[in-house]
Amino acid sequence: MLSIFKDFLLNLFFILLPVFLVPFWTEQEKGPRRLRLYLPTVCYAVVIVLCITLPVGAESNLIFDLRQIPLWLGSLYGGSGAAACLAIVTIAYRSLFGGIGILITAVVSIAIAAASRLLTKTFAQLPAKQRTLLATLLSFASGLLTVAMAGWMAPFDRPPLSVSLIFLLVQPASMFIVCAFREMVHHNIALRKRIIRAEKMEAVTHLAASISHEIRNPLTAARGFIQLIEEQPLAADKRRQYARIAMEELDRAEAIITDYLTFAKPAPETPEKLNVKLEIERVVDIIRPLANMNCVDMKTTLAPFSVIGEREKFRQCLLNVIKNAIEAMPNGGTLQIYVSIDNGRVLIRIADTGVGMTKEQLERLGEPYFTTKGIKGTGLGMMVVYRIIESMNGTIRIESEIHKGTTVSIYLPLAPSPSPSPISDKEKQLFAAL
Ligand code: ADP
Ligand code: MG
């Protein structure tokens with residue numbers, strides 16, 4: 001009795017193998033398409049051969065095994081071509097063993113192939129659970145037909161009643177298990193494909209939102225300078241200077257668009273040596289109209305250390321942090337920007353006396369779309385900051401106290417300077433003491 005179950009389990013193992021393995025081969029978009037198309041049928045044919053070779057209780061002339069399961073599966077999921085192939089393989093291989101069973105196999109296999117031909121379309125349209133149920137019922141029906149034919153055609157050669165009964169029970173049960181696993185595997189694959197598609201969509205939406213957010217900064221600055229030119233009677237050289245800055249800002253807007261559009265693509269990056277002092281001064285110039293509008297007093301203590309990075313991205317990063325600091329002080333305040341050396345790294349510290357953040361807000365900072373500014377915020381500024389600093393091998397530390405203010409500390413590796421350092425050791429010590 002135990003050996004019968006062992007044999008059934010071995011058959012079940014043969015059948016489950018392709019159910020798990022084939023989807024992974026066919027899912028990979030490698031290899032000729034034709035091969036991937038025929039792979040399930042080939043696998044099921046091999047399983048049929050294995051089942052017949054290693055049957056259940058091989059004493060009698062009639063061979064009982066679970067070959068009908070791969071035959072049903074291959075035919076129902078694969079269509080009439082697969083059904084015909086599998087039926088031929090079954091009959092041909094069973095013929096090698098002789099006995100009256102050949103006839104029974106031929107009748108049952110042809111019946112299965114014919115039934116599958118009628119059912120494949122309906123079967124494909126059914127929900128997964130009903131598909132499993134139908135396959136189970138069909139395997140029970142073909143099992144019943146086999147046992148009945150064996151009883152009728154070979155009354156002296158048939159296996160003991162117990163084996164027939166077990167076969168009648170085990171075959172549909174195995175079919176249920178195999179079918180349920182198959183549906184599960186395919187459901188998971190479909191789900192993964194859907195998730196990948198959703199992630200792609202998310203990235204596209206993200207990109208669009210980022211562009212509009214990041215483009216607003218230079219446009220605001222350009223508008224500010226044009227407004228200055230329009231409203232105030234200015235000296236010719238001042239006017240030219242403002243017009244030049246406005247134009248530069250518009251160029252920057254264009255550069256950012258290009259930058260973001262190429263962001264997703266692995267474009268070759270061009271990091272260069274950046275003078276922290278000059279870059280911060282540039283950003284402070286750009287942001288000054290916004291600071292003035294908010295009555296924010298900007299104080300800077302800068303030093304010309306060098307870091308390696310992409311100019312536009314570094315400016316964007318500083319701009320995002322400084323902009324947040326100014327926006328945190330709608331009723332005015334002080335914004336301090338220090339540059340110093342900390343443990344051999346360049347430290348840029350941007351401190352405001354604004355509204356501050358709660359612990360929960362601080363934890364969520366940098367999460368895409370986290371904003372407390374409602375429709376005005378996009379919640380992308382800090383995410384971009386984190387990404388840029390990370391790409392420059394730097395780190396960020398943020399301390400904040402509600403109603404007191406926020407301090408953002410950016411640490412960046414100091415760029416090695418081949419020429420004599422613009423900062424003397426004495427100066428470095430002084431900055432370290434800051
Ligand atoms: P956005 O500025 O569009 O809201 P950010 O990613 O730049 O998006 O900032 C996310 C949130 O973090 C802000 O909405 C704000 O609540 C908080 N935040 C960032 N910087 C500061 C700061 N200096 N002071 C107070 N809150 C800040
Ligand atoms: Mg922001």
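Is N393 buried or exposed? N393 turns out to be exposed, with a relative accessible area of 65%; here, buried means under 20% relative accessible area, exposed over 50%, and partly exposed in between (1.4 Å probe, protein chains only). You're looking at a predicted model, where local features need pLDDT of at least 70, side-chain atom pairs count only at pLDDT 80 or more, and totals for chains, interfaces and linings use all residues. Residues are numbered from 1 along each chain as its sequence is written, chains are lettered from A and ligands numbered from 1 in the order in which they are written, and side-chain values use heavy atoms, leaving out hydrogens and water.

**View 1. The whole chain, with 13 helices and 7 strands.** Helices (H or I, at least four residues) and strands (E, at least two) are DSSP runs, numbered from the N terminus. Of the 434 residues in the chain, 43% are buried. Take the contacts (heavy atoms within 4.5 Å) between residues at least 6 apart in sequence: 73% of them join residues at least 24 apart.

**View 2. The largest nonpolar core, with 47 residues.** A nonpolar core is a set of buried Ala, Val, Leu, Ile, Met, Phe, Trp, Tyr and Cys residues joined through side-chain atoms within 4.5 Å. The residues with the most contacts inside this one are I280, L335, I337, V339, I348 and I350. Elements supplying at least two residues each include α9 (276–293), β4 (333–342) and β5 (345–352). The largest share, 8 residues, comes from α10. Zoom in on I337: beyond its neighbours within four places in sequence, its contacts include I280, V284, L302, I322 and I350. Apart from this core lies another, of 39 residues, among them L71, V147, F167 and C179.

**View 3. Helix α9 passing α10.** Their axes come within 10 Å and cross at roughly 40 degrees. Axes are lines fitted to C-alpha atoms, for helices over the stretch in contact, and angles run from 0 to 180 degrees between N-to-C directions. That angle makes α9 oblique to α10; under 35 degrees counts as roughly parallel, over 145 as roughly antiparallel, 65 to 115 as roughly perpendicular and the rest as oblique. The crossing is right-handed, meaning the near helix is turned clockwise from the far one by less than a right angle. By class, the contact has 11 nonpolar, no polar and 5 charged residues. Ala, Val, Leu, Ile, Met, Phe, Trp, Tyr, Cys and Pro count as nonpolar, Asp, Glu, Lys and Arg as charged, and the others, Gly among them, as polar.

**View 4. Helix α5 with α3 and α4.** Helices α3 (residues 68–78) and α5 (residues 101–125) pack at about 35 degrees, with axes 8 Å apart, in a right-handed crossing. Residues making the contact include L71 and W72 of α3 and I112 and L119 of α5. Its tally is 9 nonpolar, 5 polar and no charged residues. Helix α4 (residues 80–95) comes within 9 Å of α5, axis to axis, and crosses at roughly 175 degrees, so α4 and α5 are roughly antiparallel to each other. That contact has 7 nonpolar, 6 polar and 2 charged residues.

View 5. Most residues other than glycine have a negative phi.
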